[in-house]
Amino acid sequence: MTKQINFLGNKAHWHCVDDPVMGGTSWSQVRLNSRNLLIWAGSLSLENGGGFASVSQKLSPAINLKGYQGIHIVVQGESKIYKLNLANDNSPNSPRFQLRFRTVGNEQHFKLAFANLEASIRGRKVNAQFSPSYLSQIGFLIADQQEGPFTLNIKSIQPYD
């Protein structure tokens, strides 16, 4: 593909949604440092049925990634499991298409293929197909009973072909 797309943007385009929206007590925050590294950090709590944190940016207008195979990310984080979180529709009741990756402490490159995405709505698996021709939201999620602090440093988010 000829067009270079980098989803980091600036800090103003990213926002956090954590489990207090459903009664939990987890929290997270996002910032862009002077080296253009997006830093997402917080703490996951299982209190009050909680246990998730997310960061995302809505893409307006939606981006056409037809012809690309997936998303290549360069990240660094402690030993935790995160999910890439994509959407074709920004409605809270529409499917989110996710793929897990595990960080191990040092900088890592992940190529996360669209073909391997799993669809869910609010954590429940559904039968839906991701459409790369209409990406309306991109982000990350941490959940899966991983209580405690977390930090994910995101150096690059780009589609690959």
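**A buried glutamine and an aromatic cluster**

Gln57 is buried, as its relative accessible area is 5%; buried means under 20%, exposed over 50% and partly exposed in between, with a 1.4 Å probe and protein chains only. The model is predicted, so local features need pLDDT of at least 70 and side-chain atom pairs count only at pLDDT 80 or more, while totals for chains, interfaces and linings use all residues. Residues are numbered from 1 along each chain as its sequence is written, and side-chain values use heavy atoms, leaving out hydrogens and water.

Gln57 sits in strand S4, residues 53–63; strands are DSSP runs of E, at least two residues, numbered from the N terminus. A polar atom of the Gln57 side chain lies 2.2 Å from the backbone oxygen of Phe7. Among the residues that Gln57 touches are His13, Trp14 and Ser136, not counting residues up to four places away in sequence (contact means heavy atoms within 4.5 Å).

I turn now to the rings. The whole structure holds 8 aromatic pairs: rings of Phe, Tyr and Trp (its six-membered ring) with centres within 6.5 Å, stacked if the planes are under 30 degrees apart, edge-to-face if over 60, and tilted otherwise. Trp40 and Phe150 pair edge-to-face, at 4.9 Å centre to centre and 65° between the planes. Trp40 belongs to strand S3 and Phe150 to strand S12, so this pair ties together parts 110 residues apart in sequence.

Which residues form one aromatic cluster? They are Trp40, Tyr82, Phe101, Phe110, Phe140 and Phe150.

Key
Helices (H or I, at least four residues) and strands (E, at least two) are DSSP runs, numbered from the N terminus. A polar contact is a pair of N or O atoms within 3.5 Å; within protein, one must be able to donate a hydrogen and the other to accept it, and residues adjacent in sequence count only if both atoms are side-chain atoms.
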